[in-house]
Amino acid sequence: MLRKKPLRAALGALLLLSTFAIGDTARADEGARSRAADVSSTVVPTFPGCTTTQPVSAVTASTWEAVNPPQQAVDGDMTTRWSGQGLGASLVLDLGQTRSLCGLKIAWHRGDLRWNDFNIYTSTDGTNYTVVWAGRSSGSTAGFESYPYAAPVSARYVRISFWQSREGSWGSILETAALGPDPGQGGDHVVVAAGDIVTACEGSGCPHTRTSDRVLSINPAAVLALGDNQYESGAYAEFTRYYAPTWGRFKSKTKPTPGNHEYALGDGAAGYLEYFGGAAAPAGKSWYSFDLGDWHIVSLNSEVSRNAGSEQVTWLQNDLSRNTRPCVLAYWHRPMFSSGSEHGDFPNMKPFWDALYGVRADLVLNGHDHDYERFAKQTPTAEASASGIRQFVVGTGGSSLKPFGTIRVNSQKRLLAHGVVKLDLAATGYSWQFVRDDGEILDSGGPVPCN
C-alpha cells in the first residue's frame, strides 16, 4: 500500500509558522524581512515529487512598472517580466480554487547576475497569509529555480514578497508558477468525470467546450470519460473534428469507457478505439484498471457482456482479488440506479455491483441519463447501508439535458446543469463537488472515509 512520503522539503528552507491578517502585513513583513537574509536555502532546478505546474486564474501585484505589469510573470514568455520596487513589493497568484501545493518555481530577471531576498506566503482566503519559505535565490541562473515547502499545504493564493537584491530595491520576475505534488506520489489526487459529452457543435458556445474549459481550470490528475463521449455515432472523424479541440486537450490524462453511441455504427466501437488507442484498451480489452495513490480505479464496459460468469465479470472479480489499495472506484456508462426519465435503471448491471460490493468498494460513476444525480450509500439491492457503494450519475458533459422521472430510493441530489464531478481522492477517503460549466459549485460533500 502506498503511503504519503514527505517531500524533500528540508532542502534548507525555513518554515515560519505564523499566520497574520493582511491588515498587519507591513508590520509582520518587516519582521520577516529582517530575518530573510539570514535564512540559508538550498536552491535546485527541481525537487522530486513536486513538479506539477498549477493553473493560475489571476495575478496581481502591490506595485509595478507600466511596461512590466504582473501578468507578464505568468505569460509563458521568458523575455517579459513583472517589476516592482520597494520593501515588500509583492506578486500574488490566484489559482482560482484551493489546491495542494508543495513549492514554487521562479525565473528571476538577471537571476544569473544577482541574488534576491524574498519570502513566499500562502493563503486560502486572500486575507490571512502564512510564510512557507524565506531565503535568497542563488544568483547563478536566469532559468527556473525551485523552492520547496516544508510540507504540502492547501492554498488558493501564493504571494511572493521581495526585499532586496544585490543590485538594489527592484524585484523583477520573468516567470513563476505554483507547484503541486505529482501524480503517483501518494496523498490527495483530484479526478474529474463526466459522460454524454461532445456533440456536432463547434466554438465557444458549445456546452462541451465550456465543460472542457472547466476541466482545464481544475487541472486534475485524471479525467474519467463516462461513455457517449462523442455523438452521434462515435466515428473517428467525429472524434477528430469535435472531441479533439475540446476534451481532447487533456487526452493524455483521460481514462475512457465507451457508451452506446460509440457502438452506433455496429463496428465494435472502432472510432473510439482508434481515437483513444492504448488508453481505451491497455491490455487488449475494453475494460481495465489502474492505481492512483491509495485508490484502485476500474473502467468497465457496459455495452458488452456483463453477465455473471462472463469474461468481463470474471476479470473484474480476479482484478479486485489482487488489489492492495484500501479504496476502490469503478465507472462505466449505464447506471444500475437512475431517476432519469430517458433511461432509468439498468438492473443488468448487478453483476458489476455484486463484485464491487463484495470487496467493500466505495464509488461508482456512470452517465447515460443526461443529468446529475447523487445516491446515498447502498447495497446492490438498493438498501441503504453505511458500508454500501455511493453512485453518481454524471451525464452532463455537453449533450442536451433530459428531465427526471420517478425518483429512485436513496437518491439524495438531482440537478439539470452542464458540468463535471470533481473528486478529491485522499489516502483514507474522498470528497466531491459538482462544478457547473461556469465554475459554480452546485453540490458538495465529504470527506467520507473509505469502506
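Trainee: What pLDDT does the chain average?
Mentor: The chain averages a pLDDT of 88, and 88% of the residues score at least 70; pLDDT is the predictor's confidence in each residue, from 0 to 100. Over residues 1-46 the pLDDT is below 50, and beyond near neighbours in sequence this stretch has 96 contacts in the model, a contact being heavy atoms within 4.5 Å.
Mentor: This is a predicted model, in which local features need pLDDT of at least 70 and side-chain atom pairs count only at pLDDT 80 or more, while totals for chains, interfaces and linings use all residues. Residues are numbered from 1 along each chain as its sequence is written, and side-chain values use heavy atoms, with hydrogens and water left out.

Trainee: How many helices and strands are there?
Mentor: The chain has six helices and 22 strands, where helices (H or I, at least four residues) and strands (E, at least two) are DSSP runs, numbered from the N terminus.

Trainee: Which strands make up the open sheet of seven?
Mentor: Its order is 13-14-15-16-18-17-19, with mixed pairing, and two strands pair if DSSP finds at least two bridges between them. Strand 13 (288-292) and strand 19 (411-415) stand at the edges with a single partner strand each, so one side of each has no neighbour in the sheet. From one strand to the next, the twist averages 15 degrees.

Trainee: And how do strand 14 and strand 15 run?
Mentor: They run parallel, with five bridges joining strand 14 (residues 295-299) to strand 15 (residues 327-331), and V298 stands opposite A330 in strand 15. Helix 5 (residues 311-322) lies across strand 13, strand 14 and strand 15, running at about 170 degrees to strand 14; axes are lines fitted to C-alpha atoms, for helices over the stretch in contact, and angles run from 0 to 180 degrees between N-to-C directions.

Trainee: Changing topic, which residues of helix 2 are buried?
Mentor: In helix 2 the buried ones are P207, H208, T209, T211, S212, V215 and I218, where buried means under 20% relative accessible area, exposed over 50%, and partly exposed in between (1.4 Å probe, protein chains only). They pack against several elements, including strand 5 (89-108), helix 3 (236-243) and strand 21. N219, which follows helix 2, has a positive phi near 55 degrees.

Trainee: Is S137 buried or exposed?
Mentor: S137 is buried, with a relative accessible area of 4%, and its place is in the loop between strand 7 (128-136) and strand 8 (144-165). The side chain of S137 reaches the backbone nitrogen of N116 at 2.9 Å.

Trainee: What about V158, where does it lie?
Mentor: V158 lies in strand 8 and counts as buried at 0% relative accessibility.

Trainee: Last one, in which sense do strand 21 and strand 22 pair?
Mentor: Strand 21 (residues 429-436) and strand 22 (residues 441-449) pair in the antiparallel sense over six bridges, and Y430 has V448 as its bridge partner in strand 22. Four residues sit between the strands of this hairpin, where G439 takes a positive phi near 100 degrees.

Terms used
Polar contact = N/O pair within 3.5 Å; in protein donor to acceptor, adjacent residues only side chain to side chain.
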